[in-house]
Amino acid sequence: MAFTSNDVTISDDSRRELFFNKHVDYIANHGNDKNDYEYCMTEFLRMSGIYWGVTGLDLMDKLDRLEKQSIIEFIKKCQCPVTGGIAACEGHDPHILYTLSAIQILVIYDSLGEIDTELIAKYVESLQQLDGSFFGDRWGEVDTRFSFCAVAILSLINRMEVIDLEKAVNFVMSCCNADGGFGSKPHAESHAGLIYCCVGFLSITDQLHRLDCERLAWWLCERQLPSGGLNGRPEKLPDVCYSWWVLASLTIIGRLHWISSEKLEKFILSCQDAETGGFADRTGNMPDIFHTLFGLGALSLLGDKRLKSVNPTYCMPEYVIERCKLKPKVIVL
């Protein structure tokens, strides 16, 4: 366990029950009130919000609670006819993050044919830079998140050949630090979310052998605090979303058993809202759709039989990845 003063207290009598039906209702009803403050203030990430909801409900085998066709029509309206990229919402600029969310939704619905995937491939290709990195959009920010998005998108639409893969791999590896972790760019601090993106990138591109798995696994395991929760960096509070980023990374490199699953499960379940459903970032806070997906995803990785199996590389139901005949690599010890 990491030594830290930043942690939360989980009571010994914390509920161990998963409020399954409440979570289904919470996700299915999310965004129904278009005048809701939260709905209005999250327009800039609407596409990802839909992905979080679609994936969460599919993991609970309740995908039929959402209107498939209206979601597909929304995605079609968000694709830029010039660049091919997809925006978070109508009227917004396209971005690689929301392009991935849209592709993930369409793949889950087995509806890729509803959009122009050739334009998508050209959009991703246009964002790669000479050093192998990727811009997130035309404004020029570089981040290893975007490298993951690029290869995830292209593998899902079967167009990996449009980018310079060798340069892309070399750039990601240039972001590896002495502690075994990865940052957003070369020499940036290691962060659990960015480690997931880089490990996922290497899983898709069959380059996991480049990792120092022992060193990386120790850094990830030190993210578990006495409460059982996981943080993203040393001295930070635990957060349900890191249950996903850390667990998925450990799963891909074959070291999920290096942390206390029992304590982590207790922490995750303590972050549920017993009245409304949904998961918060930590115990006692307000739930949101983002943490709800990653709470459910983490529980699936921990083997919760009430949920479908989730793929640790793509954060999509395993059956969907199998249907696509994709085989992201994992290390088996």
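This is a predicted model: local features need pLDDT of at least 70, side-chain atom pairs count only at pLDDT 80 or more; totals for chains, interfaces and linings use all residues.

I'll start with a charge and a ring. Arg255 places its charged end over the ring of Trp258, 5.5 Å from the ring centre. There is another such arrangement: the charged end of Arg223 sits over the ring of Trp219, at 4.5 Å from its centre.

Now ring against ring. How many aromatic pairs does a search of the whole structure find? Eight. Take Tyr196 and Trp245. Their ring centres are 5.3 Å apart and their planes are at 50°, so this pair is tilted. Where do the two residues sit? Tyr196 is in helix 9, residues 192-204, and Trp245 is in helix 11, residues 240-252. They are 49 residues apart in sequence, so the pair ties together separate parts of the chain. Both Tyr196 and Trp245 are buried.

Next, Trp244 and Phe294. This aromatic pair is tilted too, with 6.4 Å from centre to centre and 35° between the planes. Trp244 belongs to helix 11 and Phe294 to helix 13, residues 289-301. That links distant parts of the chain, 50 residues apart. Trp244 and Phe294 are both buried.

Ring pairs join Trp52, Phe148, Tyr196, Trp244, Trp245, Phe290 and Phe294 into a cluster.

Let's stay with helix 13. First a length check. It has 13 residues, and at 1.5 Å a residue it should span 18 Å. Its end C-alpha atoms are 19 Å apart, which agrees. Is helix 13 largely enclosed or largely open? Twelve of its 13 residues are buried, so it is largely enclosed by the rest of the structure. Among the buried ones are Ile289, His291, Phe294, Gly295 and Leu301. What do they pack against? Helix 1 (20-29), helix 3 (46-59), helix 11, helix 12 (261-270) and strand 1 (310-311).

At the start, a side-chain oxygen of Asp288 comes to within 3.1 Å of the backbone nitrogen of Phe290. After the helix comes Gly303, with a positive phi near 95°.

Ala168, Val169, Phe171, Val172 and Met173 are buried in helix 8. Their cover includes helix 7 (144-156) and helix 9.

Last stop: a loop. Gln79 is in the loop between helix 4 and helix 5. So is Gly84, with helix 4 at 68-78 and helix 5 at 96-108. Gly84 is buried, with a relative accessible area of 0%. Gln79 is buried as well, at 13%; the cut-off is under 20%. What does the side chain of Gln79 reach? The backbone oxygen of Gly84, at 3.0 Å.

Who else is around? Set aside neighbours within four places in sequence. Gly84 then contacts Gln79, Leu119, Ile120 and Tyr123. For Gln79, the contacts are Gly84, Gly85, Ile86, Ile115, Asp116, Leu119 and Ile120.

Notes:
Residues are numbered from 1 along each chain as its sequence is written. Side-chain values use heavy atoms; hydrogens and water are left out. Rings of Phe, Tyr and Trp (its six-membered ring) pair if their centres lie within 6.5 Å; planes under 30 degrees apart count as stacked, over 60 as edge-to-face and the rest as tilted. Helices (H or I, at least four residues) and strands (E, at least two) are DSSP runs, numbered from the N terminus. Buried means under 20% relative accessible area, exposed over 50%, partly exposed in between (1.4 Å probe, protein chains only). A charge sits over a ring if NZ of Lys or CZ of Arg is within 6 Å of the ring centre and within 35 degrees of the ring normal. The expected span of a helix is 1.5 Å times one less than its number of residues. Contact means heavy atoms within 4.5 Å. A polar contact is a pair of N or O atoms within 3.5 Å; within protein, one must be able to donate a hydrogen and the other to accept it, and residues adjacent in sequence count only if both atoms are side-chain atoms.
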